[in-house]
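Colleague: I would like to learn how to read a fold from its coordinates. Could we go through one model feature by feature?

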Amino acid sequence: MILTGSEIALEVERGRIHIDDFDSSRIEPNSYGFRLGATILEYNDEILDAYQEVHTTRRVIPEVGLVFEPGKIYLGATKESMGSDFYAATLYARLSVSALGVWIQHSAPLGHCGAMMPWTLEIRVAQPVRLYRGMLIGKIAFWSVLGSRLKYSGRYSDSRDAVPSRFSLRTPATGQSGVA
């Protein structure tokens, strides 16, 4: 079951949902609006190999914005650190951003219980679009979980900003690499 915006605000107040920095004006009917952080990662490798470490360049989005180009994947982060030990979360783009041909999270929108961090956003655009740090870019929704809650402790647990793929790293649970 999805939490309403007013329930999200109550759960933030109770300490069961973490949103740093929380602003009640960004509560929506069933979600909370989040902003784009200040940095973007771009992959340097011409071919990305899932089993090899990837190389990136970190860029600060200038005050005048940054033009995002089609045919590339950009990794941004939410300005806010968000999550909950009690609820799963999903991230979505705002309609006004999607209507510009911007996708921010089309393949990995699920946030597990216990994951509290600035979320890495997978940003792709249909045509050149100028985006700005601090702009409202998406929304997070929180969902009740049924059954025993397992706290997230995966490869991205320590994230503090946009993070490139860590597929090539060994998994904490099995000690195995990403190779099947």
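## Reading the sheet, the helix and the rings

Modeller: Strand β8, residues 88-93, is joined to β10 by two bridges, and the two run antiparallel. T90 stands opposite L110 of β10. Keep in mind that this is a predicted model.

Colleague: What is the strand order of the open sheet of five strands?

Modeller: The general idea first. Strands in a sheet pair through backbone hydrogen bonds, in parallel or antiparallel fashion. Here the order is β2-β3-β13-β8-β10, and the pairing is antiparallel.

Colleague: Now the helix. Which residues of α1 are buried?

Modeller: An α-helix has 3.6 residues a turn, so residues three or four places apart point the same way. In α1, residues 5-14, the buried ones are G5, I8, E11 and V12. Viewed down the axis of α1, these fall within an arc of 120°, so they line one face of the helix.

Colleague: What covers the buried residues of α1?

Modeller: The cover includes β1, β2, β3 and β13 (136-143). On the face turned away from the buried side, α1 carries the exposed residues S6, E13 and R14. G15 follows α1, and its phi is positive, near 85°.

Colleague: On to the rings. How many aromatic pairs does a search of the whole structure find?

Modeller: Two. An aromatic pair is described by the distance of the ring centres and the angle of the planes. F22 and Y32 form a stacked pair, 5.3 Å centre to centre, with 20° between the planes. F22 lies in the loop between β1 (18-20) and β2, while Y32 is in strand β3 (residues 31-35), ten residues apart.

Colleague: Is F22 buried or partly exposed? And is Y32 buried or exposed?

Modeller: F22 is partly exposed, at a relative accessible area of 30%. Y32 is buried, at 0%.

Colleague: Where does the charged end of R16 sit?

Modeller: Over the ring of F86, 4.0 Å from the ring centre.

Colleague: And the whole chain? How many helices and strands does the protein chain have?

Modeller: Two helices and 13 strands. Of its 180 residues, 38% are buried. Take the contacts between residues at least 6 apart in sequence: 71% of them join residues at least 24 apart. The chain exposes about 9,900 Å², with carbon and sulfur atoms supplying 54% of that area.

Methods
Residues numbered from 1 in each chain as written. Predicted model: local features only at pLDDT ≥ 70, side-chain atom pairs only at ≥ 80, totals over all residues. Heavy atoms only, no water. Pairing = 2+ DSSP bridges. Helix = DSSP H or I, 4+ residues; strand = E, 2+ residues; numbered from the N terminus. Phe/Tyr/Trp six-rings, centres within 6.5 Å; stacked < 30°, edge-to-face > 60°. Buried < 20%, exposed > 50% of the residue type's maximum accessible area, 1.4 Å probe, protein only. Lys NZ or Arg CZ within 6 Å of the ring centre and 35° of its normal. Arc of directions from axis to C-beta. Contact = heavy atoms within 4.5 Å. Areas by Shrake-Rupley, 256 points an atom, 1.4 Å probe, with all protein chains shown as cover.
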